[in-house]
Every structure is written in C-alpha cells, then in structure tokens.
Amino acid sequence: MTEFEPAPPRHTATAATVTLTVATVLVASVSTGVAAIAAVGVLAFTYGAFNGSRLLVTAGAAVVFLAALLAAVALHGAVFVPLAAGALAVAAWDLGEHGIGLGEHVGADARTRNAELVHAALTLGVAALAVAAGYAVYLVGADRRPVAAVVLLAAGALALFGALR
C-alpha cells in the first residue's frame, strides 16, 4: 500500500504555467521592463503550481496581472493586449488553484486527466469570452454609443460568469 501524496497533477500545473507564460509574452510585446517583473511572477507561480503552494500561485499570478495593468498604462489607450494578458493571468491562477485542490483531495496517483481537461477548457473559454466582452465594451464606449449598451453588455458578461461558476 502506498502513502497518500497530496501533490498537484502535473498536467494542470503545466497548463497553468504555460497560460501564465503566454500572458507574460503578451506583456513583453508591450514593455520588456514590465515583462521582467512578470517573469519573476512566473517563476514563483511555477514553483507553487508544481509543489502545491497556494501562496506562491496567488502571488505569482498577481504579479503578472499587475504587470498587465502596467502594460495597459504604457500603451496609452490600446487595450486588447493588456486585457488578454490580464485574463490569462486570472485563468492561470484558477488552473493552479484547481490543480492544488485536486492534489489535496485525491492525491498525485489519481486519474484526473478528464477533470483537468474539462476545467482547463472551460477556464480558457471563459477567459476568451471575458476578453471579447471587455474589448466589445471598449469599442462601444470609444464610439460614444449610449451608455446603456455598455451597461447591458457588462451585465451580460457578469451573467455569463455566474452561469459558468
């Protein structure tokens, strides 16, 4: 009989790390200085995702998210790249947290590939929808369209997130 090992599944930790790395690459396309800050977040996140540290997963994702905000300031009005980077940072955090939770509940030896794939697909799908909705709100607001349209679009995005939660 083997001893229970509460390690996160490697597939989820890898997917989360790749997602956060893509967010960092997007940030690097705007500013290499800000990307250096994000890279530190990726290193902390990676260690946390593979070793089950919620603190490092949260801190690493938060650093990359803040780097995306700094990239938005550096772009002076262009929003798509920082919006996508921010959404990917949140998605990576969710994937990392999910992996740690799986490890705590079922252990490293359990077969969790299907649960991991479904969760990753839904998380990345919601991130893509959030980017699309956020960018649409930006475009509607940039054309000086009625504020009610922007409010209704934001409410629809919140309803979508609530339904997927």
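Biologist: Which residues of α4 does α3 meet?
Modeller: This is a predicted model, in which local features need pLDDT of at least 70 and side-chain atom pairs count only at pLDDT 80 or more, while totals for chains, interfaces and linings use all residues. Residues are numbered from 1 along each chain as its sequence is written, and side-chain values use heavy atoms, with hydrogens and water left out. Taking contact as heavy atoms within 4.5 Å, the α3 side consists of Arg54, Val57, Thr58, Ala61, Val64, Phe65, Ala68, Ala71, Ala72 and Leu75. On the α4 side they meet Pro82, Ala85, Gly86, Ala89, Val90, Trp93, Gly96, Glu97, Ile100, Gly101 and Glu104.

Biologist: How many helices does the protein chain have?
Modeller: Helices (H or I, at least four residues) and strands (E, at least two) are DSSP runs, numbered from the N terminus. Read along the sequence, the pattern is α-α-α-α-α-α. With zero strands, the secondary structure of the chain comes to six helices.

Biologist: Why is α3 described as roughly antiparallel to α4?
Modeller: Axes are lines fitted to C-alpha atoms, for helices over the stretch in contact, and angles run from 0 to 180 degrees between N-to-C directions. Angles under 35 degrees count as roughly parallel, over 145 as roughly antiparallel, 65 to 115 as roughly perpendicular and the rest as oblique. The axes of α3 (residues 54-75) and α4 come within 8 Å, crossing at roughly 175 degrees. That angle makes α3, relative to α4, roughly antiparallel.

Biologist: At what angle do the axes of α1 and α4 cross?
Modeller: Helix α1 spans residues 10-28 and helix α4 residues 80-106, and their axes come within 8 Å and cross at roughly 165 degrees. That makes α1 roughly antiparallel to α4. The passage is a left-handed crossing, a term used if the near helix is turned anticlockwise from the far one by less than a right angle (right-handed if clockwise). The angle asked for is therefore, with α1 roughly antiparallel to α4, roughly 165 degrees.

Biologist: How many charged residues does the contact of α2 with α3 have?
Modeller: Helix α2 (residues 32-51) packs on α3 at an angle of about 160 degrees, with the two axes 7 Å apart. Residues from α2 that meet α3 include Val34, Ile37 and Phe45, and their partners in α3 include Leu56, Val64 and Leu70. Ala, Val, Leu, Ile, Met, Phe, Trp, Tyr, Cys and Pro count as nonpolar, Asp, Glu, Lys and Arg as charged, and the others, Gly among them, as polar. On that scheme the contact of α2 with α3 has 16 nonpolar residues, three polar ones and, as for charged residues, no charged residues.

Biologist: Is threonine 12 buried or exposed?
Modeller: Threonine 12 is found in helix α1, and leaving aside its neighbours within four places in sequence, threonine 12 is in contact with Leu95, Gly99 and Glu116. Buried means under 20% relative accessible area, exposed over 50% and partly exposed in between (1.4 Å probe, protein chains only). Because its relative accessible area is 5%, threonine 12 is buried.

Biologist: How far apart in space are threonine 17 and glycine 96?
Modeller: Threonine 17 is also placed in helix α1, and at 12% relative accessibility it counts as buried. Leaving aside neighbours within four places in sequence, threonine 17 is in contact with Phe45, Thr46, Ala49 and Phe50. Threonine 17 and glycine 96 are 79 residues apart in sequence, and their C-alpha to C-alpha distance is 8.0 Å.
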